[in-house]
Amino acid sequence: MPTAPSHAIAALALGAGFYRPDVPRHLWATGAVCAMLPDADVIGFRFGIHYGDLLGHRGLTHSLAFAVLLATVTVVVAYRRGAGGLGPIGTWSFLALATASHGFLDGFTDGGLGIAFFSPFDPTRYFFPWRPIAVAPIGIAGLFRPAMARVVASELTWVWGPSALVLGLVAARRLAANAEHTDA
């Protein structure tokens, strides 16, 4: 799995496609939390839930069904009317994609048992054929191991770099549109 900050950065990059000037910042923060939340499943280890179980790591919480459910609950509870210039469907779409991005990023890692994208309907775990992202260790202690240097370098290359590129391109497009609008 990539680290939590990398999941949040990927969600913010996705948010660039949903940006409207009047969308409140808390929606972007909510999307970042939704993108990190699937890894809360690691708490199951403390309760005897095994990695490969339905509720195990990279199981149900990493599925597309979970992304749909989490986005639906979040919109019903907090964004019933949408968020600023982004209506309820746009808000839901952003939150669902932000949550689903977690499993997709994990599917590009080089470790673990794979992702149960179609859980609870199909427990099969999948990886993508190309897996360039170094898997991060589970738990706080793992963050201080020498192998974290490889994880950080990998995430900077395959998550942060592309996310910064997307954000930069969107910002440049907006600046150009504003300049064009000002000149007119």
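Helices here are DSSP runs of H or I of at least four residues, numbered from the N terminus; by that numbering, Pro-120 lies in the loop between H4 and H5. The model is predicted. The structure holds 2 salt bridges, and one of them joins Asp-106 to Arg-58.

**Helix H3**

- Helix H3 runs over residues 64-78, and its 15 residues should span 21 Å at 1.5 Å a residue; the end C-alpha atoms are 21 Å apart, in agreement with that value.
- Phe-66, Ala-67, Leu-70, Ala-71, Thr-74 and Val-75 are the buried residues of H3.
- Viewed down the axis of H3, these buried residues fall within an arc of 155°, so they line one face of the helix.
- An α-helix has 3.6 residues a turn, so residues three or four places apart point the same way.
- The buried residues of H3 pack against helix H2 (25-36) and helix H4 (88-107).
- Leu-69 and Val-77 are exposed residues on the face of H3 turned away from its buried side.

**Helix H4**

- The 20 residues of H4 should span 28 Å at 1.5 Å a residue, and the distance between its end C-alpha atoms, 29 Å, agrees.
- A bend of about 25° occurs in H4 at Ser-101.
- H4 is mostly covered, with 14 of its 20 residues buried.

**Salt bridge Asp-106 to Arg-58**

- The closest N and O atoms of Asp-106 and Arg-58 are 3.5 Å apart.
- This pair links distant parts of the chain, 48 residues apart: Asp-106 is in helix H4 and Arg-58 in the loop between H2 and H3.
- Asp-106 has 0% relative accessibility; buried means under 20%, so Asp-106 counts as buried.
- Arg-58, at 1% relative accessibility, also counts as buried.
- The backbone of Arg-58 has a positive phi of about 65°, although Arg-58 is not a glycine.

**Salt bridge Arg-150 to Asp-110**

- Arg-150 and Asp-110 meet through their side chains in a salt bridge, with an N to O distance of 3.1 Å.
- Arg-150 lies in helix H5 (residues 148-183) and Asp-110 in the loop between H4 and H5, so the pair ties together parts that are 40 residues apart in sequence.
- Arg-150 counts as exposed, because its relative accessibility is 52% and the cut-off for exposed is over 50%.
- Asp-110 is partly exposed, with a relative accessible area of 32%.

- Ala-13 is found in helix H1, which covers residues 4-15.
- With a relative accessible area of 9%, Ala-13 is buried.
- Neighbours within four places in sequence aside, Ala-13 is in contact with Ser-163, Val-166 and Leu-167.
- Met-36 is 23 residues from Ala-13 along the chain, and the C-alpha atoms of Ala-13 and Met-36 are separated by 14 Å.

**Cis peptide bond**

- The peptide bond from Ser-119 to Pro-120 is cis, with omega near 5°.

Technical notes:
Residues numbered from 1 in each chain as written. Predicted model: local features only at pLDDT ≥ 70, side-chain atom pairs only at ≥ 80, totals over all residues. Heavy atoms only, no water. Helix = DSSP H or I, 4+ residues; strand = E, 2+ residues; numbered from the N terminus. Expected span 1.5 Å × (residues − 1). Buried < 20%, exposed > 50% of the residue type's maximum accessible area, 1.4 Å probe, protein only. Arc of directions from axis to C-beta. Contact = heavy atoms within 4.5 Å. Salt bridge = Lys/Arg side-chain N within 4 Å of Asp/Glu carboxyl O. Bend = angle between axes of the 7 residues up to and from the residue.
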